[in-house]
Amino acid sequence: MECEFPTINSKSEEIIEIFKNTKTIAIAGLSPDPSKASNMVAAYLQSAGFKIVPVYPKEEFILGEKVYRTISEIPFKIDMVDIFRKPDAIAQIVDEAIQRGDVDCVWFQLGLANNEAALKAKEAGLKVVQNKCTKIEHRNLF
């Protein structure tokens, strides 16, 4: 499947602000496998001082953190939802993030874009980053 070209995206200045204001990152699709990109990115973010919250259909703990099955069931504030799921799953995750009312940013990982979901998130007041890696962006900016 070909990735959409992101028509909605935060610029570098906004990405810096996102990272400065983010403490808790829910990672949708965080694999327990240390060789997978989602696990490597989450481990990096954790080592950079962010609280990571794994969202995955199996496992009880990943990287020492309790695993939740959905964004909706996380019982505390989330600043960012970092998405490592296929493009067809993005819309539902964005809907959950909007419905929570406490998420500031949705981030679609490198290779992922969904302009319809991005527009919906932006219209709901969330910041949106598409087709960029949180690890690469954070490492390059800080």
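Student: Where is the place of Glu59?

Tutor: In this predicted model, Glu59 has a phi near 75°, a positive value in a residue other than glycine. Strand E3 covers residues 61-62. The place of Glu59 is in the loop between E2 and strand E3.

Student: Is Glu59 buried, partly exposed or exposed?

Tutor: The relative accessible area of Glu59 is 37%. A buried residue has under 20% and an exposed one over 50%, with partly exposed in between. Glu59 therefore counts as partly exposed.

Student: In which loop is Asn131 found, and is Asn131 buried, partly exposed or exposed?

Tutor: Asn131 has a phi near 55°, a positive value in a residue other than glycine. Asn131 is found in the loop between strand E7 (127-129) and helix H5 (134-141). Because its relative accessibility is 28%, Asn131 counts as partly exposed.

Student: Which asparagine residues does Phe108 touch, not counting residues up to four places away in sequence?

Tutor: Phe108 is one of the residues that touch the most other members of the largest nonpolar core. Among the residues that Phe108 touches are Ile83, Ile90, Val94 and Ala118. Its contacts also include Asn114 and Asn131.

Student: How many residues are in the second, separate core?

Tutor: The second core is separate and includes Val41, Tyr44, Ile52 and Tyr56. The number of residues in this second core is 21.

Student: How do the residues lining the largest pocket divide into nonpolar, polar and charged?

Tutor: The largest pocket has a volume of about 220 Å³. Its lining consists of 14 residues, of which Ala28, Val55, Arg69, Arg85 and Ile93 lie nearest its centre. The largest share of this lining, 4 residues, comes from H3. The lining divides into 8 nonpolar, 3 polar and 3 charged residues.

Student: Over residues 18-112, how far apart are the end C-alpha atoms?

Tutor: An unreviewed UniProt entry lists residues 18-112 as "domain: CoA-binding". Over these residues the chain is 31% helix and 23% strand. The end C-alpha atoms are apart by 19 Å.

Conventions. Residues numbered from 1 in each chain as written. Predicted model: local features only at pLDDT ≥ 70, side-chain atom pairs only at ≥ 80, totals over all residues. Heavy atoms only, no water. Core = buried A, V, L, I, M, F, W, Y, C linked by side-chain atoms within 4.5 Å. Buried < 20%, exposed > 50% of the residue type's maximum accessible area, 1.4 Å probe, protein only. Contact = heavy atoms within 4.5 Å. UniProt positions renumbered as here; feature names shortened; annotations may be inferred. Helix = DSSP H or I, 4+ residues; strand = E, 2+ residues; numbered from the N terminus. 1 Å grid on protein atoms, 1.4 Å probe; cavity = no way out; pocket = protein on both sides within 12 Å on 5 of 7 lines; lining within 4 Å. Points joined across faces, edges and corners; volume = space filled by probe spheres on them. Nonpolar A, V, L, I, M, F, W, Y, C, P; charged D, E, K, R; others polar.
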